[in-house]
Amino acid sequence: MKKFYLLLTLSSLIAARLLAQNAEFKFREALPLGGSDVALIRQNDLKFPGIIHLQILGKGGVEKAFAEINLRTEGARSKVESVFKWGNRLNLLFAHYYPTQRSTAYELVQLTLDSLKTTLVKPLGKVRTPPISVYAFCGFSVSPDSTKMMFFNWPIGPPQDSVNLLVQVFDQKMETLWARKYTLGYANRNFLVYGCLMRNDGSAFIFGENYSAKYTAATQVQEKNIERIILLMSGKTSRVDLIQLELGEYSLANLAYSMNQKGDMVASGFFRKSETSEYKGLFTIKIAAESNQTIQRLNMIDKKTFTTALNIGSEDKFLSRGQIDRTLFGYELGKLHADADGSYALMAGRRDNTLVLDIRPDMVLQRIRVVPTPFSFSQPRPGEVAQGFLAGFYFRQGDKFFFIFVDPNNGATDDRGKKIRTDTPGRAFLVEMKEIGRLETRPLQSKFNLRPNATLEPQHCRQINDDEVFLMGTEPNKEGGLSLVYIVEQMASLIK
């Protein structure tokens, strides 16, 4: 495996800096902090690290701060669940798993952004968990206005016992606003938690599923028995409001959720009659922040609408790669993007194409756009790569939608032997999605191109705000390893 030795930054001038690291430490992620500052996180092991190295790099790649965190705990294996910025602090959420006790202790560590000085180490509870955490047993969410943060813990009790959720809500000083233990009317063996969302008023949503039929280790799961669940908790009482999803004769194949700046919660997913049938349409639900007024819709998608979107997307010969499956089936959901005007865009992908489904503020499906290339629009866990998908970075400005992708198959041919790429492998391209669904594909024009040997890594790119994006990639170096290259660039210069 190649090792990362350098980190190079691109600004008005190109600068380079040798990092104080050795082969033991592996790159996890880079987190833009605002302006030209970036936090770099490296671990001695990507799965169960014992030591973490943190760096704050400023303009020109100059190191502003460095810290080492020792996670070695007797009898425990530690994981980094998440790294994120909240207010003026860098936050690290850790999970310490104790195999002999079959339990996990969660804690939050906060550090200053100027010196990486530890200001808080807060235990968030120790709960019984299975030996392999496949699903969420702890989660967090920051309110859209960034004034509050919530955490939930799910202690796993006896399979037949009711689910208990511990929800804690804190202000920016990490002082408890409310904490409550909720007992749900579902058995532990039948229940799964997806995650949570926090509203500006301190109320919280929990998303999950319950298997409504008898469930054992030998059960062959049937989609018709999977009940997708949205729970609302105000924190003022022990009451939990179950949001009844109005699906009629249909069942949900999947579910994505999001929240806009006002605190309106929106969720969406494909629905169908059985798990072997095509999707009939897109289910949407919105719960207003202040009034809790709810809108639910079953947006039917007829074959003509879907086929038209496929045909328009396939007109881009630059991206088209032969035959596309014309059944509305098999899509995995990516992010549900919330816009300031109250509209939403849902990403969905499978191995032959990617969909962007535009949703109006009234939850009506407005349009389907098809990109005939299977982009990986989700953020994989550190060290993981989405198999069968191109690494794609999706961003938007106003009503304009864009993909940046790097295709390793430049120069390949389509199923008729026609060359579909003429550029060198590893070059980045920009796809603009036009209003009527047509695509415009062109080489990416970026300062990143000032380093011709650098390859963009879209899975590490981020949209910082409405005007800026964070682009990151790698470049071979003299030592035989790879250098990390990044730039904070104005969106206007990319899409001009």
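1. Ile206 touches Met150, Phe152, Leu165, Val193, Gly195, Cys196, Ile229, Ile230, Leu231 and Met233, leaving aside residues up to four places away in sequence. This is a predicted model. Ile206 and Leu165 touch the most other members of the largest nonpolar core, which has 35 residues. Strand β13 (residues 162-171) gives this core its largest share, five residues. A second, separate core has 25 residues, including Leu282, Tyr331, Met363 and Ile368.

2. β13 also takes part in a hairpin. Its partner is strand β14 (residues 176-187), and the two pair in the antiparallel sense over eight bridges. Ser162 stands opposite Ala187 in β14. Four residues lie between the strands, and Met174 takes a positive phi near 60°.

3. Asp264 deserves a look. It sits in the loop between β20 (256-259) and β21 (265-272). Its relative accessibility is 8%, so Asp264 counts as buried. A polar atom of the Asp264 side chain lies 2.8 Å from the backbone nitrogen of Ala289. Beyond four places in sequence, Asp264 touches Ser258, Met259, Lys286, Ile287, Ala288, Ala289 and Tyr344.

4. Helix α1 (residues 303-314) has 12 residues. From first C-alpha to last, α1 reaches 16 Å, close to the 16 Å expected at 1.5 Å a residue. At its start, a side-chain oxygen of Asp302 comes to within 3.1 Å of the backbone nitrogen of Lys304. Phe306, Ala309, Leu310, Ile312, Gly313 and Ser314 are the buried residues of α1. They pack against β25 (344-350), β26 (353-359), β27 (365-371) and β32 (439-443).

5. The structure holds 20 salt bridges. One of them joins the side chains of Arg272 and Glu223, at 2.5 Å from N to O. Arg272 is in strand β21 and Glu223 in the loop between β16 (204-211) and β17 (226-233), so the pair ties together parts 49 residues apart in sequence. Both residues are buried.

6. Arg396 and Asp339 form another salt bridge, with their closest N and O atoms 2.8 Å apart. Arg396 lies in strand β29 (residues 390-397), and Asp339 in the loop between β24 (332-338) and β25, so this pair ties together parts 57 residues apart in sequence. Arg396 and Asp339 are both buried.

7. Is the Glu440 of the next pair buried or partly exposed? Glu440 is partly exposed, at 33% relative accessibility. Glu440 forms a salt bridge with Lys434, the closest N and O atoms being 3.5 Å apart. Lys434 is partly exposed as well, at 30%. Shared partners join Glu432, Lys434, Glu440 and Arg442 into one salt-bridge network.

Terms used: Residues are numbered from 1 along each chain as its sequence is written. This is a predicted model: local features need pLDDT of at least 70, side-chain atom pairs count only at pLDDT 80 or more; totals for chains, interfaces and linings use all residues. Side-chain values use heavy atoms; hydrogens and water are left out. A nonpolar core is a set of buried Ala, Val, Leu, Ile, Met, Phe, Trp, Tyr and Cys residues joined through side-chain atoms within 4.5 Å. Buried means under 20% relative accessible area, exposed over 50%, partly exposed in between (1.4 Å probe, protein chains only). Contact means heavy atoms within 4.5 Å. A polar contact is a pair of N or O atoms within 3.5 Å; within protein, one must be able to donate a hydrogen and the other to accept it, and residues adjacent in sequence count only if both atoms are side-chain atoms. Two strands pair if DSSP finds at least two bridges between them. The expected span of a helix is 1.5 Å times one less than its number of residues. A salt bridge is a side-chain nitrogen of Lys or Arg within 4 Å of a carboxyl oxygen of Asp or Glu.
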